[in-house]
Amino acid sequence: MKTLKEQTDAKIAAGRKAKPEFMQGVDDIIAKAKAFEEGKDALKIGNKAIDFELPNPKGQLISLPGLLEKGPVVVTFYRGSWCPYCNLQLRALQAKLDDIQKLGATLVAISPEVPDDSLTENEISKMEFTVLSDQDAKVARQYGVAWEVPKFLMEHMRVDRGLDLKTINNGNANVLPIPATFILGTDGMVKWNYVNVDYRTRSEPDEIIDALKSMS
């Protein structure tokens, strides 16, 4: 099985071949974001995680303290079910979910998407981990991983992809989470993290598993 990086690299390569000008524009935006250190305020290892309570696709409120009672929690922020890189990442995590759960951890995926009937029909909602909705990106902001999407990308999503983020996210039209993953110990402290403003790159599931093993 290919690693997540191999899969995302292949998608990036395909994008460069199909739409070289667009991908160059993305490269420029990411370079600028890195220069301005977007994501520098993300929670660090040793920081106390901020508690949250968010709805799942059925509208049930799920709280971080409740999850931590069961063991460590892996929190991953993703942009939405419409994002192909997010889908690659979450499929890869689903494939390793048994390994994560055997280490006593709960996997939680958070995006700004609305928890309604349309969400329950997509691929992500059928996966066997907890999916939560952070419509206003409030939790993403608290974790230091909210990003105001540049107009270039907003226009691409609206024109080329036909995406209406204002509807998808119930009013939040231009703030998405930086792809980020945090492992939280039962004491609520951040034990491991991965934050990268380049939405085309993600942490490997095996890295998460290794970090959980080191906590055991």
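**Exercises on salt bridges in a predicted model**

E155 is partly exposed, with a relative accessible area of 39% (partly exposed lies between buried, under 20%, and exposed, over 50%, using a 1.4 Å probe and protein chains only). The model is predicted, so local features need pLDDT of at least 70 and side-chain atom pairs count only at pLDDT 80 or more, while totals for chains, interfaces and linings use all residues. Residues are numbered from 1 along each chain as its sequence is written, and side-chain values use heavy atoms, without hydrogens and water.

**Exercise 1.** Identify the salt-bridge partner of E155 and state where the two residues lie.

*Solution.* Step 1: a salt bridge requires a side-chain nitrogen of Lys or Arg within 4 Å of a carboxyl oxygen of Asp or Glu. Step 2: E155 meets R158 in such a bridge, at 2.8 Å from N to O. Step 3: both residues belong to helix 8, three residues apart, about one turn of the helix (helices are DSSP runs of H or I with at least four residues, and strands are runs of E with at least two, numbered from the N terminus). Step 4: R158 is partly exposed, at 48% relative accessibility.

**Exercise 2.** Determine which parts the pair D206 and K96 ties together.

*Solution.* Step 1: the side chains of D206 and K96 form a salt bridge of 3.2 Å, N to O. Step 2: D206 is in helix 10 and K96 in the loop between helix 4 and helix 5, so the pair ties together parts 110 residues apart in sequence.

**Exercise 3.** State whether R200 and D198 are buried or exposed.

*Solution.* Step 1: the closest N and O atoms of their salt bridge are 2.9 Å apart. Step 2: R200 and D198 are both buried.
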